[in-house]
Amino acid sequence: MNNVNAIDPGTPDQAADQDKVAPAADKAYVAKATKAAIEFESFFISHMLHQMRESTRAIAPDDSPTKDKVNQDMTDMVDNMLAGNMAHQRAFGVADAILRQILPAPLNKSS
């Protein structure tokens, strides 16, 4: 009639026994999560700086050095480097906020 096995509440769940350690307790997981959070913060800061530069270029006069393509490329490169450095210092706290959400409380220490 029905091929579904009945669940016996008296027997412990075997899957629960195998997964006693949460994936967030794994040091490799914490390292990957931290790296990803920092990279996202770097992307966020880089995008913000890029938008600021675009606004500056839009209101600058035509003879402004900010409208020169060579200067634009160099400032974009500097902005990306600055964003990476700021993200590694966790200057904006974006990485910390992400880690607080995905890691258990004892592991989400800001470093």
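The model is predicted, so local features need pLDDT of at least 70 and side-chain atom pairs count only at pLDDT 80 or more, while totals for chains, interfaces and linings use all residues. Residues are numbered from 1 along each chain as its sequence is written, and side-chain values use heavy atoms, with hydrogens and water left out.

**Overall arrangement**

The chain has four helices and zero strands, in the order α-α-α-α along the sequence. Helices (H or I, at least four residues) and strands (E, at least two) are DSSP runs, numbered from the N terminus. Of the 111 residues, 23% are buried; buried means under 20% relative accessible area, exposed over 50%, and partly exposed in between (1.4 Å probe, protein chains only). A contact means heavy atoms within 4.5 Å. Among contacts between residues at least 6 apart in sequence, 68% join residues at least 24 apart.

Two packed helices are described by the angle between their axes and the distance between the axes. Axes are lines fitted to C-alpha atoms, for helices over the stretch in contact, and angles run from 0 to 180 degrees between N-to-C directions.

| Property of the α2 and α3 pair | Value |
|---|---|
| Angle between α2 and α3 | about 145° |
| Distance between the axes of α2 and α3 | 8 Å |

The residues of the contact of α2 with α3 comprise seven nonpolar, eight polar and five charged. In this division Ala, Val, Leu, Ile, Met, Phe, Trp, Tyr, Cys and Pro count as nonpolar, Asp, Glu, Lys and Arg as charged, and the others, Gly among them, as polar.

Ser42 is found in helix α2 and counts as buried because its relative accessibility is 18%. Beyond four places in sequence, Ser42 is in contact with Ala83, Gly84 and Ala87. Ala87 in turn touches Ile38, Glu41, Ser42 and Ile45.

**Nonpolar core**

The largest nonpolar core holds eight residues: Val30, Ala33, Ala37, Ile38, Ala87, Ala95, Leu99 and Leu103. Helices α2 (27-59) and α4 (94-102) each give two or more residues to this core, and α2 gives the most, with four. Such a core is a set of buried Ala, Val, Leu, Ile, Met, Phe, Trp, Tyr and Cys residues joined through side-chain atoms within 4.5 Å.

Over residues 14-20 pLDDT stays under 50, and the model has one contact beyond four places in sequence for them. Where pLDDT is low, the predicted coordinates should not be read in detail.

Methods:
pLDDT = per-residue confidence, 0-100.
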